[in-house]
Amino acid sequence: MKAVSDLEHAGDHARDIALASLNLQREAHLKPVLILIEQFSKFTEKLMRDMLMAYVKKDWHFAQTGSQLAIEANEQHVEIYQKCVLAMKQNSEQVEQILPYVAVANSLEQIVECALNIGEWIIYRRTGEIVELKRLLVFRFNKGVLFY
């Protein structure tokens with residue numbers, strides 16, 4: 001039952017991405033961010049698909065790879081965030097056009113979290129052990145800190 005609520009939650013974030021994408025400006029200086037979002041989107045889609053397959057097959061070995069996948073997802077998310085912050089600094093008059101990119105990256109990160117929750121339930125069903133695949137990660141960039 002828990003997996004169903006995670007899927008529903010992921011669907012909510014997918015809707016948010018669809019709505020935010022309507023506001024994305026396809027300007028040349030934002031092309032690198034758009035490319036990173038596309039890569040992160042493909043990563044997220046594959047992760048969810050693979051985790052659902054693991055759920056169906058009760059493949060708890062794959063689910064255990066979730067910790068490494070969480071690190072990869074966070075690295076992609078932080079890279080997008082950093083590029084957006086840089087774009088905002090360089091084009092301060094376009095902050096409102098850049099914010100939807102941040103929103104899309106945040107929603108993708110939440111979908112990753114849903115996939116990892118499913119992985120945690122796979123492991124729990126097999127071992128009876130409660131695990132946290134996504135530990136608190138701290139990323140430092142320039143003069144700021146971003147917590148996950």
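These are my notebook entries on a predicted model.

**Ground rules.** I number residues from 1 along each chain as its sequence is written, and I use heavy atoms for side-chain values, leaving out hydrogens and water. Local features need pLDDT of at least 70, side-chain atom pairs count only at pLDDT 80 or more, and totals for chains, interfaces and linings use all residues.

I take helices as DSSP runs of H or I, at least four residues, numbered from the N terminus. In soluble globular proteins, nonpolar side chains tend to be buried together.

I then listed contacts (heavy atoms within 4.5 Å) for isoleucine 80. Leaving aside neighbours within four places in sequence, isoleucine 80 is in contact with Val33, Leu36, Ile37, Phe40, Tyr101 and Ala105.

**Asparagine 91.** I found asparagine 91 in the loop between H4 (66-90) and H5 (95-127). Its relative accessibility is 16%, so I log asparagine 91 as buried. My classes are buried under 20% relative accessible area, exposed over 50%, and partly exposed in between, with a 1.4 Å probe and protein chains only. The side chain of asparagine 91 makes a polar contact with the side chain of histidine 29, at 3.5 Å. A polar contact is a pair of N or O atoms within 3.5 Å; within protein, one must be able to donate a hydrogen and the other to accept it, and residues adjacent in sequence count only if both atoms are side-chain atoms.

**Rings.** I searched the whole structure for aromatic pairs and got one. The ring centres of tryptophan 121 and tyrosine 124 are 5.5 Å apart and the planes stand at 80°, so I record the pair as edge-to-face. The cut-offs are Phe, Tyr or Trp (six-membered ring) centres within 6.5 Å, with planes under 30 degrees apart stacked, over 60 edge-to-face and the rest tilted. Both residues lie in H5, three residues apart, about one turn of the helix. Tryptophan 121 is partly exposed at 33%, and tyrosine 124 is partly exposed at 36%.

**Lysine 58.** I placed lysine 58 in the loop between H2 and H3. Its phi is near 55°, a positive value in a residue other than glycine. Lysine 58 counts as exposed, at 59% relative accessibility.

Terms used: Helices (H or I, at least four residues) and strands (E, at least two) are DSSP runs, numbered from the N terminus.
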